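The sequence and the structure are shown first, and the description follows.

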Amino acid sequence: ILYFTVVVVVKKWSIPCPLPQNGTRLRGPFEVSNSSASDCTPKLFVVSVKSAYAIPTMAFSFLCHTAILPIYCELQRPSKSKMQNVSNIGIGLSFLLYFISALFGYLTFYGRVKSELLLGYDYYLLGDIMVMTVRVAILLSVLLTVPLIHFPVSDRKTLFLNTSPPVRR
């Protein structure tokens, strides 16, 4: 996510405001549209029908709870206060990076933010190498994270299936 955030911040200055109109893509020097400067004014809250699409993303963000016990077991001299510090730092850093990404994504596209932030860059910066590498990094992150999320479940299932009652003699 750190690389994603850095690319979103850097690309903020690659796309001009106001955004090009009528499907005009950026190729070379920036092209300015006939849009008014009011399109480039941020609004504090924007609520629309599309806002409901954010709910599954927010719900999915709480799936990290399965990693709590393995993290606790890896701490040197584990305690409740150490685990609370680890959780606070992890959640705080995640919030900060996602907030910066969301802020700069919004300040890049304003009212034209797509449901997937990287799709907006494809529209104006077709075939951009940095955006493509972010996609590959996210793909690898998801692929390598899924086994970590499911490890505690599979570990417990294996332990449950391989235990047999003691043999009495």
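## A buried lysine and its partner

In this predicted model, lysine 11 has a relative accessible area of 7% and is therefore buried, the cut-off for that class being under 20%. Lysine 11 takes part in a salt bridge with aspartate 128, and the closest N and O atoms of the two residues lie 3.0 Å apart. The pair ties together distant parts of the chain, 117 residues apart. Lysine 11 belongs to helix 1, which covers residues 2-11, while aspartate 128 sits in the loop between helix 5 (117-124) and helix 6 (129-162).

Aspartate 128 is buried as well, because its relative accessible area of 18% falls under the 20% limit. Side chains of opposite charge can pair when their charged atoms come close.

## The second salt bridge

The whole structure contains two salt bridges. Besides the pair described above, arginine 135 forms a salt bridge with aspartate 122, with 2.8 Å between the closest N and O atoms. This pair also links distant parts of the chain: arginine 135 is in helix 6 and aspartate 122 in helix 5, 13 residues apart.

Arginine 135 has a relative accessibility of 31% and so counts as partly exposed, since that class lies between 20% and 50%. Aspartate 122, with a relative accessible area of 23%, is likewise partly exposed.

## The protein as a whole

The secondary structure consists of six helices and zero strands. Read from the N terminus, the order of elements is α-α-α-α-α-α.

The protein has 169 residues, of which 21% are buried. Its accessible surface amounts to about 13,100 Å², and carbon and sulfur atoms account for 69% of that area. Where contacts join residues at least 6 apart in sequence, 57% of them connect residues at least 24 apart.

Terms used: Residues numbered from 1 in each chain as written. Predicted model: local features only at pLDDT ≥ 70, side-chain atom pairs only at ≥ 80, totals over all residues. Heavy atoms only, no water. Salt bridge = Lys/Arg side-chain N within 4 Å of Asp/Glu carboxyl O. Helix = DSSP H or I, 4+ residues; strand = E, 2+ residues; numbered from the N terminus. Buried < 20%, exposed > 50% of the residue type's maximum accessible area, 1.4 Å probe, protein only. Contact = heavy atoms within 4.5 Å. Areas by Shrake-Rupley, 256 points an atom, 1.4 Å probe, with all protein chains shown as cover.
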